[in-house]
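Please look over the sequence and the three-dimensional structure shown here before reading on.

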Amino acid sequence: MESHILVVDDSAAIRKILQRVLRQTGMVIGEIYEAGDGQEALELLKTKTVSLVLSDINMPKMDGLQMLAALKNSTVWRHIPVVMITTEGGETKVGEAVKLGAAGYVRKPFTADQIKEKLVGILEPAMQL
Amino acid sequence: MNLKEFIVDSVNQSALQVFSTMLGVELAPGTATFEDAKPDINCEVFSLIGLAGSWAGSGSLSCSAALACRVCSNMLMTEATAVNEEVLDAMAELTNMIVGNVKTELESKLGPLGLSIPTVVYGRNFKTKTAGTTDWISLRFDWDGDYLLVKLCLAPHDKDAHHRIDLFEGADALAV
């Protein structure tokens, strides 16, 4: 079964890199949707079904933590695993993300293997539910 | 290790790791200098990001237009021949990653720091000025006949910061 993934990052460069990296993982990935901030992501989720969200933390308008909180407070979207991809390595923001219900995080810079390793562990159990 | 040496070490580690992982380029460690905010005459693309907390300051990357295009080409696996939106975006992300990782290292010693969203400027004959008189730590990374400058300035911002200075021998030397 294909996994549709939503990539949320204000950097078009990172969205493009993640598109490429996700295709390189060898996982069965269907659509890869993109959003430039949390607000745009929530709008997109009203019309698209996704298996996983990959999101930056520091973004304008609505940041990754606000978006994560909105998803976890929603009865419709709370089951969607959210993985944070961020330069934030400190305990403050990453810890907050985990507390809010993030399924995990990957530090920038990242390799395709690191992304794959993280997603396999999250997507495969989710697909069996 | 004093604060200046710690920052130089962190910038070196961060820049080398980001270039290796995201651009597939193995750089040699940068050469460090300590200077005022005088502009680099080679600079055509300038990217700036703010740091805030009990210590505050800025991080910047500057380089020629040609090098910015190479950064974009390597990072996005595309052919960038002129500075455009994509090139500026790649430089912004490079700044975010290099300074962001330095910020994470610094947090272990200086406490929580915030990171702003980067701003990138493209042009010629412009000057930049940072308020205050703090020295910049500048590292030059050579890449196939061209170079990238990574700079960072940081100074105590509140009274709590002065307690943390004790962690570093000579750390106050950074704040002039």
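## Helix packing in chain B

At what angle do α2(B) and α3(B) pack, and how far apart are their axes? In this predicted model, α2(B) and α3(B) pack at an angle of about 80 degrees, with their axes 9 Å apart, where axes are lines fitted to C-alpha atoms, for helices over the stretch in contact, and angles run from 0 to 180 degrees between N-to-C directions. The two helices, α2(B) and α3(B), are therefore roughly perpendicular to each other; angles under 35 degrees count as roughly parallel, over 145 as roughly antiparallel, 65 to 115 as roughly perpendicular and the rest as oblique.

On the α2(B) side, B:Ala68, B:Cys69, B:Val71, B:Cys72, B:Met75 and B:Leu76 meet B:Glu86, B:Val87, B:Ala90, B:Met91 and B:Leu94 of α3(B), two residues being in contact if their C-beta atoms, placed from the backbone, lie within 7 Å. By class, this contact of α2(B) with α3(B) has 10 nonpolar, no polar and one charged residues (Ala, Val, Leu, Ile, Met, Phe, Trp, Tyr, Cys and Pro count as nonpolar, Asp, Glu, Lys and Arg as charged, and the others, Gly among them, as polar).

Chain B has four helices and seven strands, which follow the pattern α-β-β-β-α-α-β-β-β-β-α along the sequence; helices (H or I, at least four residues) and strands (E, at least two) are DSSP runs, numbered from the N terminus. Of the 176 residues of chain B, 45% count as buried, meaning that 20 or more other C-beta atoms lie within 10 Å of a residue's own, whereas 12 or fewer make a residue exposed and values in between partly exposed, with C-beta atoms placed from the backbone.

Leaving aside neighbours within four places in sequence, B:Ala68 is in contact with B:Val45, B:Cys63, B:Val83, B:Val87 and B:Met91.

## Chain A and the interface

In chain A, helix α2 (residues 38-45) and helix α3 (residues 64-72) pack at an angle of about 30 degrees, with their axes 8 Å apart, and α2(A) and α3(A) are therefore roughly parallel to each other. The contact of α2(A) with α3(A) has four nonpolar, three polar and no charged residues.

Between the chains, 17 residues of chain A are in contact with 21 residues of chain B. Helix α1 (residues 12-24) of chain A supplies six residues, the largest share of the side of chain A that touches chain B.

## Confidence and conventions

The model scores ipTM 0.83 and pTM 0.87. The mean pLDDT (the predictor's confidence in each residue, from 0 to 100) is 86 for chain B, where 85% of residues reach 70 or more. Within chain B, confidence is lowest in helix α4 (residues 159-165), at a mean of 58, and highest in helix α2 (residues 65-76), at 97. Chain A averages a pLDDT of 90, and 94% of its residues score at least 70.

Residues are numbered from 1 along each chain as its sequence is written, while chains are lettered from A and ligands numbered from 1 in the order in which they are written. As this is a predicted model, local features need pLDDT of at least 70 and side-chain atom pairs count only at pLDDT 80 or more, whereas totals for chains, interfaces and linings use all residues.
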